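Subject: Structure for you to look at

Hello,

Here is the structure I said I would pass on. Please open it alongside this message.

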Amino acid sequence: MKLAIIHGALPAIDAVRRALAGDKDITILWSASDSGRAADRARNERPDVALVGAAVDGAAALTRTLSEELGCPVMVIAEDSASARSSTFDLMSAGAVDVLVLPGLSGGVGDVSARERIENGSAWP
């Protein structure tokens, strides 16, 4: 499975990479720190799933582009359930299919495998 990570903070991108590093069936295709660059990259190198940070500027428009124009499922990366809730709901309304709590922060997602995190997402706290 080929993934793209879109998040404005390099430490968050690194945390996701580390969380998924042990799964040989998952490949990080590319990462981007802004929605414009991510849309361009996705048009040229379409991922199977895109992980989009809730706080990325233009995330709702990017989510619509990825899901409607490119047919790419989007999962929201939520760092903190209290501060990201509104943005997360905006992205869900724009076409995101699930929410993934960022590994290692806000309690993480428990002891599920990286593949299960991507395929099934996580329950919103």
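Below is what I found, from the whole chain down to single residues.

The model is predicted. Mean pLDDT over the protein chain is 82, with 77% of the residues at 70 or more. Residues 105-114 stay under 50 in pLDDT, and for them the model has 15 contacts beyond four places in sequence. Where pLDDT is low, the predicted coordinates should not be read in detail.

Overall make-up

The protein chain has 5 helices and 5 strands. Read from the N terminus, the elements follow the pattern β-α-β-α-β-α-β-α-β-α. Of its 125 residues, 43% count as buried. The chain exposes about 6000 Å², of which carbon and sulfur atoms supply 48%.

The 5 strands of an open sheet are arranged in the order 2-1-3-4-5, and their pairing is parallel. Its edges are strand 2 (27-32) and strand 5 (98-101), each of which pairs on one side only. On average, neighbouring strands of this sheet are turned by 25° against each other, direction ignored.

Two of the pairings can be followed in detail. Strand 1 (residues 2-6) pairs with strand 2 in the parallel sense over 5 bridges, and I6 stands opposite A32 of strand 2. Strand 3 and strand 4 also pair in the parallel sense, over 4 bridges; here L51 stands opposite M75 in strand 4.

Helices on the sheet

Helix 1 (residues 10-20) lies across strand 1, strand 2, strand 3 (49-53) and strand 4 (74-78), and runs at about 175° to strand 2. Helix 3 (residues 59-69) packs on the sheet as well, where it touches strand 1, strand 3 and strand 4. The direction of helix 3 makes about 170° with that of strand 3.

Cores

The largest nonpolar core has 21 residues, and those touching the most other members are I6, W30, A50, V52, L62 and L66. At least two residues of this core come from each of strand 1, strand 2, helix 2 (35-44), strand 3, helix 3 and strand 4. Another core, of 11 residues, lies apart from it and includes I5, I13, L20 and I77. In soluble globular proteins, nonpolar side chains tend to be buried together.

Beyond four places in sequence, V52 is in contact with I6, A59, L62, T63, L66, V74, M75, V76, I77 and L91.

Which residues cover the two faces of strand 4? V74, V76 and A78 lie on one side and M75 and I77 on the other, and all are buried. That accounts for 5 of the 5 residues of strand 4.

A4 lies in strand 1. A4 has a relative accessible area of 0%, so it counts as buried. Leaving aside neighbours within four places in sequence, A4 is in contact with W30, P47, V49, A50 and L51. V49 is 45 residues from A4 along the chain, yet their C-alpha atoms are separated by 6.6 Å.

Regards

Definitions and conventions: Residues are numbered from 1 along each chain as its sequence is written. This is a predicted model: local features need pLDDT of at least 70, side-chain atom pairs count only at pLDDT 80 or more; totals for chains, interfaces and linings use all residues. Side-chain values use heavy atoms; hydrogens and water are left out. Two strands pair if DSSP finds at least two bridges between them. Axes are lines fitted to C-alpha atoms, for helices over the stretch in contact, and angles run from 0 to 180 degrees between N-to-C directions. Contact means heavy atoms within 4.5 Å. Buried means under 20% relative accessible area, exposed over 50%, partly exposed in between (1.4 Å probe, protein chains only). pLDDT is the predictor's confidence in each residue, from 0 to 100. Accessible areas come from the Shrake-Rupley method with a 1.4 Å probe; for residues, only the protein chains shown count as cover. A nonpolar core is a set of buried Ala, Val, Leu, Ile, Met, Phe, Trp, Tyr and Cys residues joined through side-chain atoms within 4.5 Å.
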